[in-house]
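The report below takes up the cores and then the ring pairs.

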Amino acid sequence: MMMRQWTAGVTTIAVLVALMTGDVAAQTGKERPKPPYFASISAGKARMRSGPGRSYPATWLYVRPDLPVRVVDVFKEWRKVEDPAGEQGWFLGTLISSTRTGIVQGGVTELRERPSFGARVLWRAEPGVVGRISQCARGWCRFDIRGQAGYVEASRLWGVSPEESLP
């Protein structure tokens, strides 16, 4: 009888420890996405390295938070990413955010009132402008540039696939 209580107590403690120290994604029911997937740089200064570790030399210093990146590989707490210019390297995972952002590519892009070519133009954004992406469907995404928002053709943004659907 005493042995059963002890075993039950140890099992309970093990479960509690696993919950407290376990992966946050597992606790919330969301699994970490498998590469490749889009994300963004979360820090004001982030060093891209030539390999997955602090001992590898830094190849770039990014000073643009929210810049979209594509995560192409994962090694422990490191993420191999590709930036909008095609440069690849490794970032510490804490420097990468799941917040979806995009960068305008090509020419000046029109942000429209609704996801339709016939909709009224609200704003225009030049190439290189970064904003938050949401509500993507049928080739259009809601694009928010510090409170100035509208719908943009997904093909005009780097940071989202044209056929991708986002809530």
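## Nonpolar cores and aromatic pairs

The largest nonpolar core has 16 residues, and those with the most contacts inside it are Ile 41, Tyr 62, Val 81, Phe 91 and Ile 96. Such a core is a set of buried Ala, Val, Leu, Ile, Met, Phe, Trp, Tyr and Cys residues joined through side-chain atoms within 4.5 Å, where buried means under 20% relative accessible area, exposed over 50% and partly exposed in between (1.4 Å probe, protein chains only). This is a predicted model, in which local features need pLDDT of at least 70 and side-chain atom pairs count only at pLDDT 80 or more, while totals for chains, interfaces and linings use all residues. Residues are numbered from 1 along each chain as its sequence is written, and side-chain values use heavy atoms, with hydrogens and water left out.

A second, separate core of 13 residues includes Ile 133, Phe 143, Val 152 and Val 160.

Rings of Phe, Tyr and Trp (its six-membered ring) pair if their centres lie within 6.5 Å, and planes under 30 degrees apart count as stacked, over 60 as edge-to-face and the rest as tilted.

| Pair | Centre to centre | Between planes | Type |
|---|---|---|---|
| Phe 38 and Trp 158 | 5.3 Å | 85° | edge-to-face |
| Tyr 62 and Phe 91 | 5.5 Å | 55° | tilted |

Both Phe 38 and Trp 158 are buried. Tyr 62 is buried as well, with a relative accessible area of 9%, and Phe 91 counts as buried at 0% relative accessibility.
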